[in-house]
Amino acid sequence: MKSKWIEKQEKRILFIDLSDFRNNILGFEEELTLTVSTIGQEMYLQPLHSVLVLVDLTNTSITPEANHLLSERISDTKKYVKRTAVVGMTGLRGIFLDYFARLAGSETVGFEKVDDAVDWLMAQD
């Protein structure tokens, strides 16, 4: 599993690493399902609207199947998320970012680099 909780300056970020799956929907689904069923369960123990989330979709195609899987997860967890930084959804792919932001109902911003996304998440509190 590539995803993990990371700590920086006494803050925790749920890092959902879905990068480099390209068109491998089975690998994408496996990583997302494993993340949600293991480390993602801790999200449900946090106060509402308190979790910082970083999602890396670099080099992963947002196929209709991937879109469906992400939409389901966002719907399940959105009441726990404070804000989300998404890497790899800039340019034309930003259309998907706008869709996910509306679905999430919380502040969601796209970035090209993981470090920039982490810095933004840390600076917002």
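The model is a predicted one, in which local features need pLDDT of at least 70 and side-chain atom pairs pLDDT 80 or more, while totals for chains, interfaces and linings use all residues. Residues are numbered from 1 along each chain as its sequence is written, and side-chain values use heavy atoms, leaving out hydrogens and water.

Rings of Phe, Tyr and Trp (its six-membered ring) count as a pair if their centres lie within 6.5 Å; planes under 30 degrees apart are stacked, over 60 edge-to-face, and the rest tilted. By this rule there are four aromatic pairs. One of them joins tyrosine 44 and tyrosine 80 in an edge-to-face arrangement, with 5.4 Å centre to centre and 90° between the planes. The two residues are 36 residues apart: tyrosine 44 is in the loop between helix H1 (25-37) and strand E3 (51-56), and tyrosine 80 in the loop between helix H2 (64-77) and strand E4 (81-87). Helices (H or I, at least four residues) and strands (E, at least two) are DSSP runs numbered from the N terminus. Tyrosine 44, at 30% relative accessibility, is partly exposed.

A cavity is a set of points on a 1 Å grid over the protein atoms alone where a 1.4 Å probe fits but cannot get out; its lining residues have an atom within 4 Å of a point. Volume is the space filled by probe spheres set on the points, which are joined across faces, edges and corners. The whole structure holds two cavities of 30 Å³ or more.

The largest cavity has a volume of about 380 Å³. It is lined by 24 residues, of which Ile16, Val53, Val55, Ile74 and Thr77 are the closest to its centre. H2 contributes the most to this lining, with four residues. The second largest cavity has a volume of about 30 Å³, and its lining includes Phe21, Arg22, Phe28 and Ala66.

## Backbone at two loop residues

Aspartate 20, a residue other than glycine, has a positive phi near 65°. Aspartate 20 lies in the loop between E2 and H1 and is partly exposed, at a relative accessible area of 46%. Histidine 49 also is not a glycine and has a positive phi of about 55°; histidine 49 lies in the loop between H1 and E3.

Notes
Buried < 20%, exposed > 50% of the residue type's maximum accessible area, 1.4 Å probe, protein only. 1 Å grid on protein atoms, 1.4 Å probe; cavity = no way out; pocket = protein on both sides within 12 Å on 5 of 7 lines; lining within 4 Å.
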